[in-house]
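Try each task before you read its solution.

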Amino acid sequence: MFNRALTVVFLLAIMGMLIQQRFSLPPELVVRIAAAEGQNAYGFGESLRRGSIIETGDGYLEVAIGNGQEPREAQTHLWLSKKTTIVIDRLTQSDLTVRLTRGRIVASISAEYPLRINTNATKFLIYKATASFVNFDFLETIQAIPIEGTIQTTIKGTTEHLLTPLPLSIHETDPVTYERLEANLATSDAKDFYQWAGVLTPP
């Protein structure tokens, strides 16, 4: 009887700690659609949650992440090109993480916390910077292109951290390799997207 009472008290204590932990979690940032062009399944101002899979078809999409302010006032913006898929993995200031599954994005953050972009074998971190990331999933190749500031790149399974203002091409098959990339957004096949995202001035 005494042991049973102790077990009940122990279980209640665990439940209480779990409930306290649940309600003491840091607040999540707010994700909204800020702009769209072409064929998309999203409307302006539409809210999204952690775990959301965001996909574009034949159009462009802008996603704003912030503390609930108007999308244009948010401090983190993601522009998605055509046929691009991302997943919102984490949504707190201490861990803002987006997974790029395929396609091309521009990411820009001016907040006091970093933005993490993950792929299959690579983790990128940008802080007060703007960069483009491309996941050629069928080639298992990633391109990381700094536009303003630098990118911290970590190859999963290693302790190597690359902090570079230069574009990189990363081949994610085992063993993962990388090399310097010559990138010119103005002559890229995606220059129209970069102009739409505001990182390339139209001629």
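**Exercise 1.** Is S169 buried or exposed? Keep in mind that this is a predicted model.

*Solution.* Start with the threshold: a residue is called buried when its relative accessible area is under 20%. S169 has a relative accessibility of 13%, so it counts as buried. Next, place S169 in the fold: it belongs to strand β14, residues 168–171. Finally, look at its surroundings. Leaving aside residues up to four places away in sequence, S169 touches T141, I142, T177, Y178, E179 and L181.

**Exercise 2.** Find the strands that pair with β7 in the antiparallel sense, and locate a facing residue pair for each.

*Solution.* Begin with β5 (residues 76–80), which pairs with β7 over five bridges in the antiparallel sense; here L80 stands opposite I105. Move on to β6 (residues 85–92), antiparallel to β7 over seven bridges, with T85 facing R102 of β7. A hairpin through two residues joins β6 to β7. Then turn to β10 (residues 129–136), which is antiparallel to β7 over seven bridges; G103 stands opposite N135 there.

**Exercise 3.** How do β7 and β8 run, parallel or antiparallel, and how many bridges join them?

*Solution.* Strand β8 covers residues 115–118, and three bridges join β7 to β8 in a parallel arrangement. To check this on screen, look for V98 opposite I117 in β8.

Technical notes: Residues are numbered from 1 along each chain as its sequence is written. This is a predicted model: local features need pLDDT of at least 70, side-chain atom pairs count only at pLDDT 80 or more; totals for chains, interfaces and linings use all residues. Side-chain values use heavy atoms; hydrogens and water are left out. Helices (H or I, at least four residues) and strands (E, at least two) are DSSP runs, numbered from the N terminus. Buried means under 20% relative accessible area, exposed over 50%, partly exposed in between (1.4 Å probe, protein chains only). Contact means heavy atoms within 4.5 Å. Two strands pair if DSSP finds at least two bridges between them.
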